[in-house]
Amino acid sequence: MKWILFLGALIGLSCGREKFFGDQVFRINVRNGDEISKLSQLVNSDNFKLDVWKAPSTFSRLVDVLVPSVSLQPVKSFLKSQGLEYSVTIGDLQIYHEMDSIAGDFPDLASRVKIGHSFENRSMYVLKFGTAEGGRRPAVWLNAGIHSREWISVATAIWTARKIASDYGKDPTITSILEKMDIFLLPVANPDGYVYTQSQNRLWRKTRSIYPRSRCVGTDPNRNWNASFAGEGASDNPCSEIYHGPHANSEVEVKSVVDFIQEHGNFKCFIDLHSYSQLLMYPYGYTVKKAPDADELDKVARRAAKALASLSGTTYQVGPTCTTVYPASGSSVDWAYDNGIKYAFTFELRDTGHYGFLLPANQIIPTAEETWLGLKTIMEHVRDNLY
Ligand SMILES: [Zn+2]
């Protein structure tokens, strides 16, 4: 009887709130009335804004609760302190689901392509946007989440994916871009790290690879590309946040992208989304030497930054990576540039450090919207200057 009464307390709250990035679904195993009582306490607290998706029944004592990203830590602490058993059922899966759903909603334009897998064997998918059958049309690569704690880059990429698909045929700019080029978008370039930031350590940056005789886990996947590998701005210490890995392309996540891009052979633009600092940069990161196309890239980047700022005044600094932020060898955009992909850019998205990596959810859409204006400006230039 007591069991039934507590059920009521939980069921009353099951009104589906939409799931947002960073939110997670916890599956909690309530083993007795006492545990249900503790759980009701948690669910009824206004502070956490929880939403019960599935209440316990006579058949199952598993409760599914949607936990908003801001409540993850306190809710985990509460569950631990009360000895309640739980697991995270939806974390990274949500992104793959959204990719599927975009491909399903726009079957003539978008498709999901598997390009490889991660160290922990998670599938790596890109969304391909293209209007022509077959052929290797000139293409744009949009990369996000290579540093796993930079969640805003992942969220921006997913928002951008839906924007590309839904604006095609309505917005003349993106329509004309897609008439000439394909766009490939990889929203989670470091899936193991991303899951780890959701479940263990919000500020994890690297991959989760393990090498024999190494004391520490993970390689910085943005020091692992074959562009002045192991040069300035990377570390050979496996415990460092900027460890370059045992050799170039040692990280299967990096290797998968490299293989895909080389196999394709007609990429003209490579854009890597990071956070934070509000910077728009171009090669090189590994040397202060001026890139042969620096003048053109600088002009394009300044136009893109201006377009971005036009929405809500967010200002970006523009320049070559090495002198704008710091020297960094083995980075994705330097590799792209050195391999003939002239239009290579790195965005460091919002903010400038107030929230840093923990940008609040209410800035996701504004960030994505303004970034879109910058991305479009770059892609327009590529469209008009194919080489
Ligand atoms: Zn980064």
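**Zinc site, pocket, cavity and backbone**

Reader: How are the donor residues of the zinc ion spaced in sequence?

Author: Donors are N, O and S atoms within 2.8 Å of the metal (3.2 Å for Na, K and Ca); water is not among the atoms, so sites may look incomplete. Read along the sequence, the donor residues of the zinc ion have the spacing H-x2-E-x123-H.

Reader: What kind of model is this?

Author: Residues are numbered from 1 along each chain as its sequence is written, and side-chain values use heavy atoms, without hydrogens or water. Local features need pLDDT of at least 70, side-chain atom pairs count only at pLDDT 80 or more, and totals for chains, interfaces and linings use all residues, since the model is predicted.

Reader: How far apart in sequence are the parts tied together by H147 and H274?

Author: The protein donors are H147 (ND1), E150 (OE), E150 (OE) and H274 (ND1), at 2.1 to 2.4 Å from the zinc ion. H147 is in the loop between β7 (139–144) and α5, and H274 is in strand β9 (residues 267–275), so the pair links parts separated in sequence by 127 residues. Element names follow DSSP runs, numbered from the N terminus: helices are H or I with at least four residues, strands E with at least two. The separation is thus 127 residues.

Reader: What geometry does the site of the zinc ion have?

Author: Four donors count as tetrahedral if all angles lie between 85 and 135 degrees; four count as square planar and six as octahedral if opposite donors are over 155 degrees apart and all others between 65 and 115; anything else is irregular. The four donor atoms here make angles of 57 to 147°, and the site is irregular.

Reader: Are H147 and H274 buried or exposed?

Author: Buried means under 20% relative accessible area, exposed over 50%, and partly exposed in between (1.4 Å probe, protein chains only). H147 has 3% relative accessibility. H274 has a relative accessible area of 3%, so both count as buried.

Reader: Which elements give two or more residues to the lining of the second largest pocket?

Author: On a 1 Å grid over the protein atoms alone, a pocket is an open set of points with protein on both sides within 12 Å along at least five of seven lines, a cavity is a set where a 1.4 Å probe fits but cannot get out, and lining residues have an atom within 4 Å of a point. The second largest pocket holds about 400 Å³. Its lining has 23 residues, with S69, V70, W151, R202 and L358 closest to the centre. Two or more lining residues come from each of α3 (72–81), α5 (151–167) and α7 (191–199).

Reader: Which element gives the largest share of that lining?

Author: By class, the lining of the second largest pocket has 13 nonpolar, eight polar and two charged residues. Nonpolar covers Ala, Val, Leu, Ile, Met, Phe, Trp, Tyr, Cys and Pro; charged covers Asp, Glu, Lys and Arg; the others, Gly among them, are polar. The largest share is four residues, from α7.

Reader: What separates the C-alpha atoms of S69 and H147?

Author: S69 sits in the loop between β3 (62–67) and α3. S69 is partly exposed, at 23% relative accessible area. S69 and H147 are 78 residues apart along the chain, and their C-alpha atoms are separated by 19 Å.

Reader: Which element gives the most to the lining of the largest cavity?

Author: The largest cavity has a volume of about 40 Å³. M124, N143, I146, L186, A189, W225, E253, V254 and V257 line the largest cavity. Among the buried residues of α8 are E253, V254 and V257. With three residues, the top contributor is α8.

Reader: Which residue follows α8?

Author: Helix α8 (residues 252–264) has 13 residues and reaches 18 Å from first C-alpha to last, close to the 18 Å expected at 1.5 Å a residue. The expected span is 1.5 Å times one less than the number of residues. With a positive phi near 80°, the residue that follows α8 is G265.

Reader: Where is the cis peptide bond that has omega near -5°?

Author: Most peptide bonds are trans. S275 and Y276 are joined by a cis bond with omega about 0°, and Y276 is in the loop between β9 and β10 (279–282). D351 lies in the loop between β12 (343–349) and α12 (364–384). The cis bond with omega near -5° runs from R350 to D351.

Notes. Points joined across faces, edges and corners; volume = space filled by probe spheres on them.
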